[in-house]
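Colleague: I have the sequence and the model open side by side. Could you walk me through the parts worth looking at?

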Amino acid sequence: MERPAVADHADHVLKVIAGNEAASSALAASWRRSGALHALDPSSRAPSQRLPQEEIARARERLGSLMFAAQGSIDRLFLAVGGVGCSVVLADPNGVIVDRRGAPCDDHLFDVSGLWTGAIWSEKSEGTNGIGTCIVEQRAVTINRDQHFFTRNSGLFCTTAPIFDEHGDLAAALDVSSARGDLTEGFARLIASTVADAARFIEAENFRLAFPKARILLAPTGDRYGSSLLAVDCDDLVIGATRAARIGLGVGAASLARPTPAADLIGDARAESDDIDAAERAALHRALARAGGNVSKAASELGMSRSTLHRKMNQLGLRR
């Protein structure tokens, strides 16, 4: 899609909406949603909507542990991009900015642009934009300058990645935005990749916080959809899975609602640990390892006599 001059931006958007480009262009489809579904005018100069402090606080509370899980990644991301005039924001599933980082010298610019805590950047409010379109399409998107629906946003570069919670549902969106006119295409791609990596790290950290007593396994699937992780209990039964693991392993909420051995999900229908002798051998191995090979100490840990442990070791073919 050829980019028009900013002065002709609104006319170009309306022309695309009236045509049939939406059938083949994700951007045109978003413009059409903005104009037809949400009845927005691309030439509108109305400022962005902002929530009062008490509603911002409630939005943060609804994110729960994810707010805590995201802090380190947001800080590191800002250290990487803040020095080149970029702002980092975290938005909830409704497009409300609940947290942000920005250099003090750029604060006025982003405040005027509406990229500020409490501002609503859903497609319904702001038309096509990084945060709102990412939330609707549930995928990483980059909306660069005149790809925005509103002419007033056409000076912004925005790249956003979705964050999914421990149930596989969309929980937030992580965005880096810039108002600089000299942002090169290569640097823009690098920023987009960095944002996607940070979003995946937040997902993984939030998943670990959601299952603090579980072992976290890396599922053998591709990383196209993010961090592919499984949470398993002490009996190796799966009690949680990230969205990427659910998609990659073809499991849904119904499958995870009943006890399922991890080995069954990852393709090994009969794990060696299903064998009673193998399970007992593994338990003895662990006790001996903790005891540094000291049979008496291992027997004490297992709650059996030294002679009983020796007998079991002989039966199972174990050596110190």
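Predicted model: local features only at pLDDT ≥ 70, side-chain atom pairs only at ≥ 80, totals over all residues.

Colleague: Okay, then E301: buried, exposed or partly exposed?

Modeller: E301 counts as partly exposed because its relative accessibility is 42%. It forms a salt bridge with R290, where the closest N and O atoms are 3.1 Å apart; by salt bridge I mean a side-chain nitrogen of Lys or Arg within 4 Å of a carboxyl oxygen of Asp or Glu. The pair links distant parts of the chain, with E301 in helix α13 (residues 295–302) and R290 in helix α12 (residues 276–290), eleven residues apart. R290 itself is exposed, at a relative accessible area of 56%.

Colleague: How are those helices numbered?

Modeller: Helices (H or I, at least four residues) and strands (E, at least two) are DSSP runs, numbered from the N terminus.

Colleague: What else is in α13?

Modeller: A299 is found there, and it is buried, with a relative accessible area of 1%. Leaving aside neighbours within four places in sequence, A299 is in contact (heavy atoms within 4.5 Å) with M304, S305, R306 and L309. The C-alpha atoms of A299 and H310, eleven residues apart along the chain, are separated by 8.9 Å.

Colleague: Back to salt bridges, how many are there in the whole structure?

Modeller: A search of the whole structure finds 13. One of them joins R100 to D107, with the closest N and O atoms 3.5 Å apart; R100 counts as buried, at 12% relative accessibility, whereas D107 is partly exposed, at 22%. R189 and E185 also meet in a salt bridge, at 3.2 Å from N to O, and R189 and E185 are both exposed. Because R189 and E185 are four residues apart in helix α8, they are separated by about one helical turn. There is also a network of salt bridges linking R33, E123, E137 and R139.

Colleague: Then tell me about α4, and where does it bend?

Modeller: Helix α4 (residues 65–81) bends by about 35 degrees at Q71, the bend being the angle between axes fitted to the seven residues ending there and the seven starting there. Its buried residues include L66, M67, I74 and F78, and the buried residues of α4 pack against α3 (53–63), β1 (86–91), β2 (97–101), β4 (157–164), β5 (170–178) and α8 (185–210).

Colleague: What about S178, and what does its side chain reach?

Modeller: S178 lies in strand β5 and is buried, with a relative accessible area of 0%. Its side chain reaches the backbone nitrogen of R180 at 3.1 Å. Leaving aside neighbours within four places in sequence, S178 is in contact with residues including G85, C86, F110 and R145.

Colleague: Last one, how many residues of α7 are buried?

Modeller: Six of the eight residues of helix α7 (residues 130–137) are buried, so this helix is mostly covered. The buried ones are G130, I131, G132, T133, C134 and I135. At the start of α7, a side-chain oxygen of N129 reaches to within 3.0 Å of the backbone nitrogen of I131, and the helix is followed by Q138, whose phi is positive, near 50 degrees.

Key:
Residues numbered from 1 in each chain as written. Heavy atoms only, no water. Buried < 20%, exposed > 50% of the residue type's maximum accessible area, 1.4 Å probe, protein only. Polar contact = N/O pair within 3.5 Å; in protein donor to acceptor, adjacent residues only side chain to side chain.
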